Amino acid sequence: MNRHRYGPYRTPTEIYDHFRCLMEMSPGSREFVTGHSVRGRPVRSWRFGADDGAPAVLFAAGCHAIEFIGVEQCAAVAGRLVKERARLLEETAVWFMPVINPDGHYSVRDRLRRHRVPLVKTNANRVDLNRNFPVGFYEPHRGIMAGSHRKTINYHGPAPLSEPESKAFVELVDMSNPALAMQLHSFGGSFIFPPCHHRGETPDHETFMRLGEQMAALQKQDRYSVASVAQGMYSTYGDIDDWLYYERGVLAYTLEIGRFGLKSAPPWSWWNIFMWTNPRDVAAALDNNTDACLRLVEAAAGGVAAKSRSGG
Ligand SMILES: [Zn+2]
């Protein structure tokens, strides 16, 4: 990986070391392996904070391989939480899965190194893990981003949860039982939430909007939009967020970090889709979003949960 050309994006191994350093500062924290990738790499996660029974929040990244900024954002949220906001950990459990798709991540690095187009979103079976979940999986799909087209980068796989990385994520959700969750992706400049597979509204639409606006208000320079996936972007089927919400009662957001940044990019980078997907100024992007992400932990501590959980 050419750091000068592609920015200070760390390898999964370096990210894992970061989490292990944080563990030393946070008593009771634990590391888990809930599964292995197609190529046999461990899918790792960490828990910081209160013991079982406290409201839990889950941050996950690295699902779409090329979106390296999400992995860094996940690490940044954990860092600020442990180093500066540790009091939140007295009343919440905060879980992190920073690299859901390690095979894809290394494939992107390999392609960058060999000067090949690093357009890798999928796992090693060429499945988009964010289309591989059960809700809406078998609905008639519309559009090239929907998932049923085998030759596209959004292929949903042969069956729901067919992929080992998806199973590793489900295992983590079973263990952590989060009330709130956030997936970290790029780009789009938005906080998006279910429903993903149709244009209606969930019973928790007002909560999703209110908490989304609260997160956006904490952004430093660039304030993102807030909308359901289907209203703000395009419909997706088999999306992780729909599964988290409809089957597990989790208030699940996706943060689409950054914007299509060619205007500010140097001409040598225009050919490179890695540069479209990941901001050049990593520190500024992380600083813009970290406090916003931590609002989710504050909300969990304050008892915010989906109506299906609270019985309301
Ligand atoms: Zn993505």
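Student: Which residue of strand 8 stands opposite Met182?

Tutor: Please keep in mind that this is a predicted model. Tyr253 of strand 8 stands opposite Met182. The two strands concerned are strand 5 (residues 180-186) and strand 8 (residues 251-257), which run parallel and are joined by seven bridges.

Student: What is the order of the strands in the sheet?

Tutor: The order is 1-2-4-3-5-8-6-7, in an open sheet of eight strands with mixed pairing. Strand 1 (30-36) and strand 7 (225-228) each have a single partner strand, so one side of each has no neighbour in the sheet. On average, neighbouring strands are turned by 20° against each other, direction ignored.

Student: Which residues have the most contacts inside the largest nonpolar core?

Tutor: They are Val57, Phe59, Leu81, Leu180 and Leu296, in a core of 81 residues. Helix 3 (residues 68-84) gives the most to this core, with 10 residues. Beyond its neighbours within four places in sequence, Leu81 is in contact with Phe48, Leu88, Leu89, Val94, Leu294 and Val297.

Student: At what angle do helix 3 and helix 10 pack?

Tutor: Helix 3 and helix 10 (residues 282-301) pack at about 60°, and their axes are 9 Å apart. Angles of 65 to 115 degrees would count as roughly perpendicular and those under 35 as roughly parallel, so helix 3 is oblique to helix 10. Their crossing is right-handed. Among the residues making the contact are Ala76 and Leu81 of helix 3, together with Leu294 and Val297 of helix 10.

Conventions. Residues are numbered from 1 along each chain as its sequence is written. This is a predicted model: local features need pLDDT of at least 70, side-chain atom pairs count only at pLDDT 80 or more; totals for chains, interfaces and linings use all residues. Two strands pair if DSSP finds at least two bridges between them. Helices (H or I, at least four residues) and strands (E, at least two) are DSSP runs, numbered from the N terminus. Axes are lines fitted to C-alpha atoms, for helices over the stretch in contact, and angles run from 0 to 180 degrees between N-to-C directions. A nonpolar core is a set of buried Ala, Val, Leu, Ile, Met, Phe, Trp, Tyr and Cys residues joined through C-beta atoms within 7 Å. A residue is buried if 20 or more other C-beta atoms lie within 10 Å of its own, exposed if 12 or fewer, and partly exposed in between; C-beta atoms are placed from the backbone. Two residues are in contact if their C-beta atoms, placed from the backbone, lie within 7 Å. Angles under 35 degrees count as roughly parallel, over 145 as roughly antiparallel, 65 to 115 as roughly perpendicular and the rest as oblique. A crossing is left-handed if the near helix is turned anticlockwise from the far one by less than a right angle, and right-handed if clockwise.
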